[in-house]
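Visitor: I would like to learn how to read the packing in a helical model. Where do we begin?

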Amino acid sequence: MNNRQLMENWTEYTRFITSLVVIMDPFMAIPIFLTMTKGYSPRDRARVVRIAVFTVAATLIVSALSGEGLLAFMGTSLGSFRVGGGIVLFIMALAMLQARVDPVRTTPHEEEIASGLTSIAVVPLAIPLLAGPGAMSTVVIAMQRSTAPYHEVMVVLSILLVAMVLWLVLSLAVPIGKRLGDIGLNILNRIFGLILAAIAVEVISNGIKQLFPILVS
């Protein structure tokens with residue numbers, strides 16, 4: 001089956017949505033969100049969530065729609081981008097398996113300079129914690145996987161659905177944090193990390209096959 005026709009199977013969109021949720025790992029963002037919004041009223045926290053989710057959705061949609069042109073401008077093949085994106089995902093997976101936030105997502109400096117509702121929501125919560133390099137590369141790769149006329153619409157709708165999941169998780173961050181505690185959140189992050197590692201290996205594998213077709217002959 002042609003690589004650009006892979007996502008014409010409807011189940012592939014479900015897989016894409018699942019992968020994007022795992023890559024973003026909103027549960028990893030809960031402790032950071034609660035720490036950075038400590039002392040905020042429920043109304044202010046809700047506003048932070050809305051701004052962050054909107055920023056994530058807008059960033060990923062723009063990345064998906066402009067990805068092909070960006071690759072062409074840089075003279076980079078989709079195979080190379082898949083290998084590079086897979087490596088980024090694998091680095092993220094290793095950090096998640098250790099239940100820590102990796103430097104690819106955010107840095108202590110970015111967390112320190114954040115101040116105010118909008119600043120916290122955009123940096124580091126939305127970018128790069130949620131809509132980081134891993135999520136961006138994933139939507140770019142997904143957009144190139146089919147030539148079906150409805151494909152772009154389905155990818156955008158999938159991103160919006162994931163944004164709704166993010167909104168739900170972050171809106172319930174306080175009760176989720178209290179119910180699961182640090183141990184529960186760490187266990188979830190490790191499970192997500194294991195799944196993400198498998199996704200990363202598959203992305204790298206597909207990229208290598210595209211770069212070296214002789215390997216699949």
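This is a predicted model: local features need pLDDT of at least 70, side-chain atom pairs count only at pLDDT 80 or more; totals for chains, interfaces and linings use all residues.

Visitor: Which residues have the most contacts inside the largest nonpolar core?

Guide: The general idea comes first. In soluble globular proteins, nonpolar side chains tend to be buried together. Here the largest nonpolar core has 61 residues, and Leu20, Met24, Leu60 and Ile159 have the most contacts inside it. At least two residues of this core come from each of several helices, including α1 (11-24), α3 (42-74) and α8 (151-171). The largest share, 11 residues, is from α3.

Visitor: What is Leu60 in contact with, leaving aside its neighbours within four places in sequence?

Guide: Leu60 touches Leu20, Met24, Ala131, Ala135, Met136, Val139 and Ile159.

Visitor: How many aromatic pairs does a search of the whole structure find?

Guide: The search finds 1. Phe27 and Phe192 are edge-to-face, 6.0 Å centre to centre with 80° between the planes. Phe27 sits in helix α2 and Phe192 in helix α9, 165 residues apart.

Visitor: Is Phe27 buried or exposed?

Guide: Buried, because its relative accessibility is 17%, under the 20% cut-off. Phe192, at 14%, also counts as buried.

Visitor: How do α2 and α8 pack?

Guide: Two packed helices are described by the angle between their axes and the distance between the axes. For α2 and α8, the angle is about 40° and the axes are 10 Å apart. So α2 is oblique to α8. Their crossing is right-handed.

Visitor: Which residues meet there?

Guide: From α2, Pro26, Phe27, Ala29, Ile30 and Phe33 meet Leu166, Val169 and Leu170 of α8.

Terms used:
Residues are numbered from 1 along each chain as its sequence is written. Side-chain values use heavy atoms; hydrogens and water are left out. A nonpolar core is a set of buried Ala, Val, Leu, Ile, Met, Phe, Trp, Tyr and Cys residues joined through side-chain atoms within 4.5 Å. Buried means under 20% relative accessible area, exposed over 50%, partly exposed in between (1.4 Å probe, protein chains only). Helices (H or I, at least four residues) and strands (E, at least two) are DSSP runs, numbered from the N terminus. Contact means heavy atoms within 4.5 Å. Rings of Phe, Tyr and Trp (its six-membered ring) pair if their centres lie within 6.5 Å; planes under 30 degrees apart count as stacked, over 60 as edge-to-face and the rest as tilted. Axes are lines fitted to C-alpha atoms, for helices over the stretch in contact, and angles run from 0 to 180 degrees between N-to-C directions. Angles under 35 degrees count as roughly parallel, over 145 as roughly antiparallel, 65 to 115 as roughly perpendicular and the rest as oblique. A crossing is left-handed if the near helix is turned anticlockwise from the far one by less than a right angle, and right-handed if clockwise.
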